[in-house]
Each structure stands twice: as C-alpha cells, then as structure tokens.
Amino acid sequence: MKIISGKISVIGAALILAVFCSFSVAMAAEVSQGKCVNYDKEKKVITIEEYNTNFSKSAPYGEPTGVVAAYNVATAMIGIPPEPGDILRFAYDVNGTERVAIRVMNVSKQDLRKK
Amino acid sequence: MKSLVWRISSFLLMAYLLIPTGAWAAGGPASMLVVVADTRRVSLAVEKYFSNLYNTNILLFAVWAVVLTAAWGCILGVVMDFIMARTGLDLKSRKIVEH
Amino acid sequence: MDASWMYMYMPIAGVEIFWPGLVLIGYSVGVIGGFFGMGGAWMVTPGLNILGFPMAFAIGTDIAHIAGKSMVSTMRHSKFGNVDYKLGVVMLVGTMVGIECGAQIIMYLERLGTVGSVVRWVYVVFLALIAAMVFYDYHKATQKKKKGIVDGDKGTEGVTWYKTFHKINIPPMIHFKAAGFTCSVWLPIMVSYVTGVLAGFLGIGGGLLRMPALVYLIGCPTHIAVGTDLFEVMISGLYGAFTYTLKGRIELIAVFVMLTGAAIGAQIGTVATKYAKGYGIRVAFGCAVLACMVSIILKQFKYGTSAAVVILGAITIICIYIMAIMFKGAANELREKKLAEQASLTI
C-alpha cells in the first residue's frame, strides 16, 4: 500500500513537472541595475543610468557607468513606484533592440536588509 | 466569573479569526514589493538557473522548490536510516517520548 | 583578517549571510528538535532574521525546511503511524486556508514596512509562553517528586472540553472511524484554521499547538493525534513552501543547507533521548528558549551582532550538552554489548 502510494506520488510529481516544463521553457532574462533618470508613465518607459557590479562600502549598489538605457515596462511587474533618483533593478528580455522589462525592483526604497 | 472568562476568551478568538480577513480586505495602501534576483552576482550554473527562473517564471520555480525540498528530505531520510542502522545501537527498544 | 569567505551571497534575498551560522542553526534545530520531540522551528525564523535575512524570507525559508524535515521523519519511520486520514483531509482544508491567511498577513505587513518588528514581538510573546510552560512543567514535576507521587500515564483525564465541543450540532456531522468519534465537521476545520494561521504567520509547523488541540479540543486518542499531526505538518509545510515561493519569499540555498544539517542533527537528538535522565535538561531547554527571546529583543533594538552572539552561543551550548549525553550513552551501550558478548563466549 505504502509503496504503491509512494509510486503514485512520484509519478504525479513527474507529471506536474513535465507539464510545467513543456509549457514554459525558461527564458534567460538579463539583469541590470542603475539609477532611475526618468519614468514616463504615459509611454511606460523607464530610463536608468546603469551601474556596474563593483560593490563596496562606499558604493553598495555598484558604481555609475554613465551608460543610459531605456526599458519598456508596459507588461512588467513593478514594485514600489519608481521616482528619479531611486536605484532600480530590472529583469528584462531583449526584443530586437528594445529592452522589455519583466520585473522591476525598487532596490533603494524597499531595502530588505533592514526588515 | 466563569462566564466573564468565557466571554473574554471568545472575544479574543473572534478577533483572532477576523484579523486575517481584515488584512486581506484592506488590499494595500502601500504597493507590493517586487524582488529581482541579481543573476549578475552568481557564477554557479545551478544558482544561475534558479535565480533566473525566479525572475522569469516563478510558478515553475515554486514547483521546483517544493519537489526538490521533498525529494531531498526523502533522500536524507533513507540515508540517515542506513547510517543509523550501522552504528550498532539498539534503536528499536527505545521508549517513544511524547510531548 | 579577510573574513569574506565566511559570507555567502544569497541571490534572491540579496544579502550576504554568515554561512557557518546557517549550518549551526540547521544542525542545532535538528538536535534540539529531535531531543525534545517538538519541531524546534521556533528558533529558525528569528535565527535567520538575526543572521540577516529579511523577515518574510526567514519565514518562507523556515516553512520550506519544515516540509523537508517532515519528509525525513516520514521516511525514517516509513509511515505516519496511526493516521485518521478522513480527519487529516478535513483538517487540511482549515490548515491550508489558515496558512494562506497567515502568509497574506505577512505580505500585507511587508507592504506596510512593519513586518520585521511585528513578527519579532509576536515571537517574543510566543517564546515567553513556551518558556513559562516548560518551567511550569518542571516545577510541577519536582513538586510531585517531593511528595512522592509516581507519575502515571499522562492521560487526557481532567480536561474534557472536547465533550462539550462534540455536542455542537452544526451540520454536516461527520464520523471519524479511526479516531472513534462523531462531531461537526466545523470543529476540526476551525481548530486547524487557527493553527494554520499561526503556522503561516510564524513559519512554524504548528505541531506545538495542533497536538494538544487534537487531544484536548477534538478528543483524538494520543497515538492517532501523533500520526495525524505528522501528516498535517508535512502537507502544510509543502503548501507553505509553495505559497511562500510563489510570493517570492524563499531562499532555496538556505533551505538545503539547513535541511541537511537538521537531518544529521535530528539523529543525534533522538538517540540522546534514550540516555537522558531527569528533568534537568528541561531547564536547559527553557533557558535556550529564553536566550532566543532575548536575542530577538536585542535584534529589535538594532544590536544585531550581540543578538547573533546570544542565539548562536545558546544553541551551541545546548547542542554540545545533548551531544555529550548521546556520545557518552552510546559509548556505554556499545561497551556493555561487547562485554556481554565476551561473557557469553567464555561460558
């Protein structure tokens, strides 16, 4: 009885996994972080100045690189509404030349480390 | 006296039961927190896969998390059984302590 | 000295974690939980929070590791024991809704930005209650010893609230065969809902509450309560893990590290119960709970480092104590076994 139920659960788990995997081949999203320069709510575009990954005590979010990039956030899941000056982190896909954001994290405003 | 205690405790119970509903109904004056896993900072392929999955397909990530946790638990259970059976200690006659 | 190798980056929570602390918490939760027979999850959430995890992540990670741990013990005993599956399934409804509610409260508090302090204070009250219970138990036991009363079966006589509850006549009434009673279906659902909310909110298994509730409020025989509770913990843990992951508040790496530590620790803990005598160890347990409480208060008032030192120090000491009991006892047993074998050979 026990073995049978064990087998059933294993098969069930495998089935669920198979279904999910076939539905959704995980796409490889890029991640970037930087300071919000502008948030155009009409066009749903956020522009940031990108930061690099040289984290240190004086630059906890990385150092500014001067590169400015625009993200289409029409379909993105956005946390605390970004304002110019906030540090944002994007998970995005590149669609042709456009960067389409999937998730937008307001790093500086929701600083989880303090929770 | 007894009825007072009863009344207070039933009030507390009601309050306890209703708090979650209240929190749910309140929805959110503040906005939800969204987390993006920083895949730039991980180098291990497995870690990269899972943090990427977290960003792109959280449902699949959740299924993976539950299945892997359960599977790892099962494996550890079997391994521990195997090891403990070989220590030579008598583990069968032990009284089960219930709390 | 460069101590950066002692810190591990957690990609989702986005924090650097002192990983030896993580290993220590996982291992000691196993040892202490295995020894005292109650989860021990009460120290994981505060412990993870003190190590630097954001509160919501600490709860999600704790609940996931409980799911894994219940799988370990289910595999170890190869079964749940005596489960009233009907009761288990009915209670699942309440447990799952309860966990979801608990998790929703956490997410709501997180949005408000008060999740850390609210959960910490609730934990302080919760741990104070556990400590009071432990010390009261100890006090009662020593008093009995003084008077020379031999402790009989810890029966359910005396508290018979369930008889009243069984009279509640809200349809549908349902009969539980294995447990052997009939009651309104709402009674187990309400009880499991209440424990579920607490489990989802504090990130505990809920056995600490569910076990007595099953026995005293629902009127379940103890042996069935044990099995049904384990069944309940496993399902609720898995559901909790799922819902917290879906909300994005889990750190898989930490779950695996702690689960591994806990599985090893639990063996030492359960074996040690075989050799432990007396009530002294109860006091040690009570002290560990108090130490955990103190460290939460320290964390609340921003003394993060001292909080970490207090909690890690306390659990290390109690772990070493239990391990000493276990190794001493095990060595004795093996020596005696050898002697017995030699004796039988000479005869």
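Predicted model: local features only at pLDDT ≥ 70, side-chain atom pairs only at ≥ 80, totals over all residues.
The contact between chain B and chain C draws on 49 residues from chain B and 57 residues from chain C. The size of an interface is often given as the accessible area lost when the parts come together. For this pair of chains the buried area is about 4800 Å², with carbon and sulfur atoms giving 74% of that area. Polar contacts between chain B and chain C number five residue pairs, with both residues of each pair at pLDDT 80 or more. On the side of chain B that touches chain C, the elements giving two or more residues are α1 (2–25), α2 and α3 of chain B, and of these α3(B) gives the most, with 19 residues. Sorted by class, this side of chain B comprises 32 nonpolar, 10 polar and seven charged residues.

The contact of chain B with chain A involves 23 residues from chain B and 31 residues from chain A. Between them, chain B and chain A bury about 2300 Å², and 67% of this area lies on carbon and sulfur atoms. Of the area that chain B buries against chain A, 30% is supplied by B:Val34, B:Val36 and B:Arg40, which is more than any other three residues supply. Across this interface the rule finds four residue pairs in polar contact, again with both residues at pLDDT 80 or more. The elements that give two or more residues to the side of chain B touching chain A are α2 (45–56) and α3 (58–85) of chain B, and the largest share, six residues, comes from α3(B). By class, the side of chain B that touches chain A holds 14 nonpolar, six polar and three charged residues.

One salt bridge is found across the interface of chain B and chain A, and it joins the side chains of A:Arg89 and B:Asp38, with an N to O distance of 3.9 Å. A:Arg89 lies in strand β5 (residues 87–95) of chain A. With a relative accessible area of 7%, A:Arg89 falls under the 20% cut-off and therefore counts as buried. The side chain of A:Arg89 also reaches the backbone oxygen of B:Val36, at 2.7 Å, and B:Val36 is one of the three residues named above for their share of the buried area. Within chain A, the side chains of A:Arg89 and A:Gln33 are joined by a polar contact of 2.7 Å. When residues up to four places away in sequence are not counted, the residues that A:Arg89 touches include A:Val31, A:Ser32, A:Arg103, A:Val104, A:Met105 and A:Val107 in chain A, together with B:Val36, B:Ala37 and B:Asp38 in chain B.

As for the cysteines, the structure holds zero disulfides over all chains. The cysteine sulfur closest to that of C:Cys183 belongs to C:Cys220 and lies 9.8 Å away, which is too far for a bond, because a disulfide requires the two sulfur atoms to be within 2.5 Å. C:Cys183 has a relative accessibility of 0% and so counts as buried. A:Cys36, at 3% relative accessibility, likewise counts as buried.

How values were computed. Residues numbered from 1 in each chain as written. Chains lettered and ligands numbered in written order. Heavy atoms only, no water. Contact = heavy atoms within 4.5 Å. Buried area = accessible area lost by both parts, 1.4 Å probe. Salt bridge = Lys/Arg side-chain N within 4 Å of Asp/Glu carboxyl O. Polar contact = N/O pair within 3.5 Å; in protein donor to acceptor, adjacent residues only side chain to side chain. Helix = DSSP H or I, 4+ residues; strand = E, 2+ residues; numbered from the N terminus. Nonpolar A, V, L, I, M, F, W, Y, C, P; charged D, E, K, R; others polar. Buried < 20%, exposed > 50% of the residue type's maximum accessible area, 1.4 Å probe, protein only.
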